[in-house]
Amino acid sequence: MHYKENPTFPKDFLWGASSSAWQVEGAVAEDGRAPAIIDLNSKKKKPYADNSIATDHYHFYKEDVQLMKEAGFTSYRFSIAWPRIYPDNSGVPNQLGIDFYNNLIDELVNNGITPIVTLYHYDMPVWVDKEFNGWYDRGIIDAFDQYVRTCFKEFGDRVKYWLAINEQNMQIVYGDWLGVCKYPETWFKDKWKVNHIMNLCHSKAVIACHELVEGGKIGPVPGMVPFYPESANPEDQIAAMNAEELTEKIWNDFNANREYNGFIKRYWKEHDIDPDIRPGDMELVEQAEIDFFGINCYRSNVAKASPADSEYQEIGLNKSGEKGNFIYPNYPGIFEQTNNPFVETTDWDWEIDPVAMRYLLRYMEDHYHLPMVITENGYGAHETLGEDGKVHDEERIKFLKENIYQIGLAIEDGAKVFGYNPWSFTDLLSTGNGMAKRYGLVYINTTDEDLLDLKRIKKDSYYWYKEVIASNGAKV
Ligand code: BG6
């Protein structure tokens, strides 16, 4: 099929970028914010990813919004920190925390930037964790409901796009790494109970948003990593489908169709798993009709058939940033992950595959027929300031350029995509590699070892993206 050089983007397409509270805000003990589990979890990771200062966005937010405005942003995706809004179990929200987000939202809206807000991005208050054993106890459902209702009431007059729980699928798949799993030895079965409780939290958030926010729209935000089959062997195709199910599709099906799909029901039965679905749960879920999908996508994966008598292998993430340290998982009889000889990888062994973006947008359109907004997509790299005091990030420009092109093609294919918010606006703390893995359009002058002046320095990608936005994607 022949395509013109540059696909056309819709007139009101939202161009922006993305972040999350714990990865940028800092000020963890200021204005009444309580400790969050991520504060403790990030400290355990090596290299160090301490979030007590991060990029100090809490104090730099006005300057950051001015940089967004100068680049021509029409959207910004960020998250609210639950421990700023409810620092304790008193049921009384923290006005200073509410004030911070009111100021940030006003600053955005007054500068023509549409806020897209995530309610939960890994920063559970420690008091919630202690009281409800993280996501293991159903008591968290009411606590979460109280928190999200407060957000909708306080900010819903200006925030119309909401995302409930960031990458719930990845939090379950990588339970240990992302801090959700408390008992690794029983996680294989526990995860489905935990996931069901998260599903109920998500469902109540969807219902509350529609009840409290006039014109409010809300959706899930899955971490999407499409799986290709290794070969035309039909068994490899089934393996790729199994992999899709167990890493993303069962969550997307649940969110869109408001029921557990046949694959997961059979899986639970075969493995003697009880997800603890109680009377009334599915009636609640039924009422939670989502409006759109947020899409986080950085890469693709490959699966091949796995013999039932092969050896189980747990996934091993590359945490060092030196190529070749990723360990492919094997789930006997279900799928084995393998490498893709057709694509390059980043230093963290993430496949660089912009075509995956088009593939998955078409896949999501075909399965769910819902609008979509890209809420994350980006290139993580080791970066330092050059001798000229600048950052010449050609590889990031190439990555973003090719992804935007593929999004344009997907839109021409019929996918209803209404915005692009790459990860990330400024450099920020990576989940496990702190400032050693940078994604930003804007460089932050600090390192994991030395707190420098936190100066914001526009990278080459910032100037390039500004032109893309000015031309509504025509100059990609
Ligand atoms: C996404 C998360 O999965 O990936 C972000 O929502 C995260 O919080 C991003 O930072 C990139 O991952 P990492 O591990 O490189 O920081």
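These are my notebook entries on what I looked up in this predicted model.

**Entry 1, the nonpolar cores.** I began with the largest nonpolar core, which holds 115 residues, and I noted that L119, A205, L361, M372, I407 and V417 touch the most other members. Helix α9, spanning residues 187-212, supplies the largest share of this core, nine residues. I then looked up A205 by itself and, setting aside neighbours within four places in sequence, found it in contact with L119, V148, A164 and I218.

**Entry 2, the ligand shell.** I listed the residues around the ligand and found 13 of them, with N166, G223, G380, S430 and T431 as the closest. When I sorted this shell by class, it divided into two nonpolar, eight polar and three charged residues.

A pair of packed helices is described by the angle between the axes and the distance between them, and I looked up both values here. Helix α3 (residues 57-71) packs with helix α5 (residues 95-110) at an angle of about 5°, and their axes are 10 Å apart. Since angles under 35 degrees count as roughly parallel, α3 and α5 are therefore roughly parallel to each other. On the α3 side I noted Y58, Y61, K62 and V65, which meet F100, L104, E107 and L108 of α5. By class, this contact of α3 with α5 comprises six nonpolar and two charged residues, with no polar ones.

Which peptide bond did I record as cis, with omega near 15°? The bond in question runs from W423 to S424, and S424 is found in the loop between β15 (417-420) and β16 (442-444).

I also noted two residues that have a positive phi although they are not glycines: A27, at about 45°, and D56, at about 55°. A27 is placed in the loop between α1 (21-24) and α2 (37-44), while D56 is found in the loop between α2 and α3. D56 has 18 other C-beta atoms within 10 Å, so D56 is partly exposed.

I looked up R77 and found it in strand β2 (residues 75-79). R77 counts as buried because it has 30 C-beta neighbours inside 10 Å. Leaving aside neighbours within four places in sequence, R77 is in contact with G16, S18, I116, T118, T375 and N421. Of these contacts I followed up N421: it lies 344 residues from R77 in sequence, yet the two are 6.8 Å apart in space, C-alpha to C-alpha.

R149, which I looked up next, lies in helix α7 (residues 139-155). With 17 other C-beta atoms within 10 Å, R149 is partly exposed. Not counting residues up to four places away in sequence, R149 touches A208 and L212. I also checked R149 against I207, which is 58 residues away along the chain, and their C-alpha atoms are separated by 10.0 Å.

Terms used
Residues are numbered from 1 along each chain as its sequence is written. This is a predicted model: local features need pLDDT of at least 70, side-chain atom pairs count only at pLDDT 80 or more; totals for chains, interfaces and linings use all residues. A nonpolar core is a set of buried Ala, Val, Leu, Ile, Met, Phe, Trp, Tyr and Cys residues joined through C-beta atoms within 7 Å. A residue is buried if 20 or more other C-beta atoms lie within 10 Å of its own, exposed if 12 or fewer, and partly exposed in between; C-beta atoms are placed from the backbone. Helices (H or I, at least four residues) and strands (E, at least two) are DSSP runs, numbered from the N terminus. Two residues are in contact if their C-beta atoms, placed from the backbone, lie within 7 Å. A residue is near a molecule or strand if its C-beta atom, placed from the backbone, lies within 6 Å of it. Ala, Val, Leu, Ile, Met, Phe, Trp, Tyr, Cys and Pro count as nonpolar, Asp, Glu, Lys and Arg as charged, and the others, Gly among them, as polar. Axes are lines fitted to C-alpha atoms, for helices over the stretch in contact, and angles run from 0 to 180 degrees between N-to-C directions. Angles under 35 degrees count as roughly parallel, over 145 as roughly antiparallel, 65 to 115 as roughly perpendicular and the rest as oblique.
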